[in-house]
Amino acid sequence: MTDRQRQIWIDRAAVTAAWIAALVFFFPIFWMVLTSLKTEGQAIQVPPLLIFEPTLENYLEIQERTNYFKFAMNSVITAFGGTLLALLIAIPSAYSMAFNTTHRTKDVLMWMLSTKMLPAVGVMMPIYFLAQKFDLFDTRTLLVVIYAMMNLPIVMLILFNYFREIPKEILEASRMDGTSTFNEIRQIVLPLAWGGIASTALLSIILCWNEAFWSIVLTTTDASTLTAFVASFQAPEGLFWAKVSAVSTLACAPIVVFGWMAQKQLVQGLTFGAVK
């Protein structure tokens, strides 16, 4: 076998493996949507039905029994609000650490990242009591702050690595021209790192959107998000699989559409700094 034939065989194997991995990850989503179009009897039938008459009964019943758009709006506000707050804190902080590095910089970053290892339940009671004391329980404001602080270590670390890829010579030239720090960030750093910031924001939005623990613990009705909405469909009698699949589809659909629309920025962010 020649080198060219070996390379062709490796490329084909890689493409095949990628398709298999994609199908494995996509199958649960496909099955969830398929189950949402069944009746409750069809959903629990063994062996599973692959050929059946689809129905929108579950979606109609969910819309009649609950206010889906209220939960969806709460998810949008908290996810985007938490991401925006995290970026407002992380961008100047990552800028300072990337271009004014000290011997403590890596230690600070590692300490921030280590906070992600702490189980959420470990800080549940203090946050719960603070929320009650400041009358923030069951409010979007509380979730925005919690989501921002929850994702801040990851956002900081990613932006720090993106900012380090920016040539320091560009910043030194701007400083010689008398540019202020604020203008340096706004006119030079942000445009050059826009792909990385966009992909970081998208990742943060997805993490906020999928967060269930804090939404269930810190909300009841007014600020509940779609993750809490899905959890509310549990019953003492067990799970109604068709309805749970329908509500899960409704919860996943907005973020899937958003991710598809923002895929260009995501790809730019993932490839940022790959080539200098």
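**Before you start**

The model is predicted, so to speak of a local feature a pLDDT of at least 70 is needed, side-chain atom pairs count only at pLDDT 80 or more, and totals for chains, interfaces and linings use all residues. Residues are numbered from 1 along each chain as its sequence is written, and side-chain values use heavy atoms, with hydrogens and water left out.

**Stop 1: a salt-bridge network**

Select E40, E61 and K243, which are linked in a network of salt bridges. A salt bridge here is a side-chain nitrogen of Lys or Arg within 4 Å of a carboxyl oxygen of Asp or Glu. Side chains of opposite charge can pair when their charged atoms come close. How many salt bridges does the structure hold? There are 2.

Start with E40 and K243, whose closest N and O atoms are 3.5 Å apart. E40 lies in helix α2 (residues 40–43) and K243 in helix α13 (residues 241–261), so this pair ties together parts that are 203 residues apart in sequence. Helices are DSSP runs (H or I, at least four residues), numbered from the N terminus.

Now look at E61, which forms a salt bridge with K243 at 3.6 Å between the closest N and O atoms. Because E61 sits in helix α3 (residues 57–65) and K243 in helix α13, the pair ties together parts 182 residues apart in sequence.

Is K243 buried or exposed? K243 is buried, with a relative accessible area of 11%, while E61 is partly exposed at 25%. Buried means under 20% relative accessible area, exposed means over 50%, and partly exposed is in between (1.4 Å probe, protein chains only).

**Stop 2: aromatic rings**

Next, select Y68, F69, F71 and F229, which ring pairs link into a cluster. The structure holds 9 aromatic pairs. Rings of Phe, Tyr and Trp (its six-membered ring) pair if their centres lie within 6.5 Å; planes under 30 degrees apart count as stacked, over 60 as edge-to-face and the rest as tilted.

Zoom in on Y68 and F229, a tilted pair with 6.3 Å centre to centre and 50 degrees between the planes. Y68 is in helix α4 (residues 68–99) and F229 is in helix α12, so the pair ties together parts that are 161 residues apart in sequence. Y68 is buried at 9% relative accessible area, and F229 is buried at 0%.

For another geometry, pick Y128 and F129: their ring centres are 6.3 Å apart and their planes are at 75 degrees, so this pair is edge-to-face. Y128 is partly exposed at 25% relative accessibility, and F129 is partly exposed at 48%.

**Stop 3**

Select D135 and then D138. Most residues other than glycine have a negative phi, and most peptide bonds are trans. D135, although not a glycine, has a positive phi of about 55 degrees, and phi of D138 is near 60 degrees. D135 is in the loop between α6 (124–133) and α7 (140–164), and D138 is found in the loop between α6 and α7. D135 is exposed, at 66% relative accessibility, whereas D138 is buried, at 10%.

**Stop 4: T219**

From D138, move to T219. Which residues is T219 in contact with, leaving aside its neighbours within four places in sequence? They are F137, D138, L143, W214 and S224, where contact means heavy atoms within 4.5 Å. T219 lies in the loop between α11 (213–218) and α12 (226–231) and is buried, with a relative accessible area of 6%.

Show the side chains of T219 and S224 to find a polar contact of 3.3 Å. A polar contact is a pair of N or O atoms within 3.5 Å; within protein, one must be able to donate a hydrogen and the other to accept it, and residues adjacent in sequence count only if both atoms are side-chain atoms.

**Stop 5: T101**

Select T101, in the loop between α4 and α5 (105–114). A polar atom of the T101 side chain lies 2.9 Å from the backbone oxygen of M97, and the backbone oxygen of A98 lies 3.4 Å from a polar atom of that side chain.

Note on methods
Helix = DSSP H or I, 4+ residues; strand = E, 2+ residues; numbered from the N terminus.
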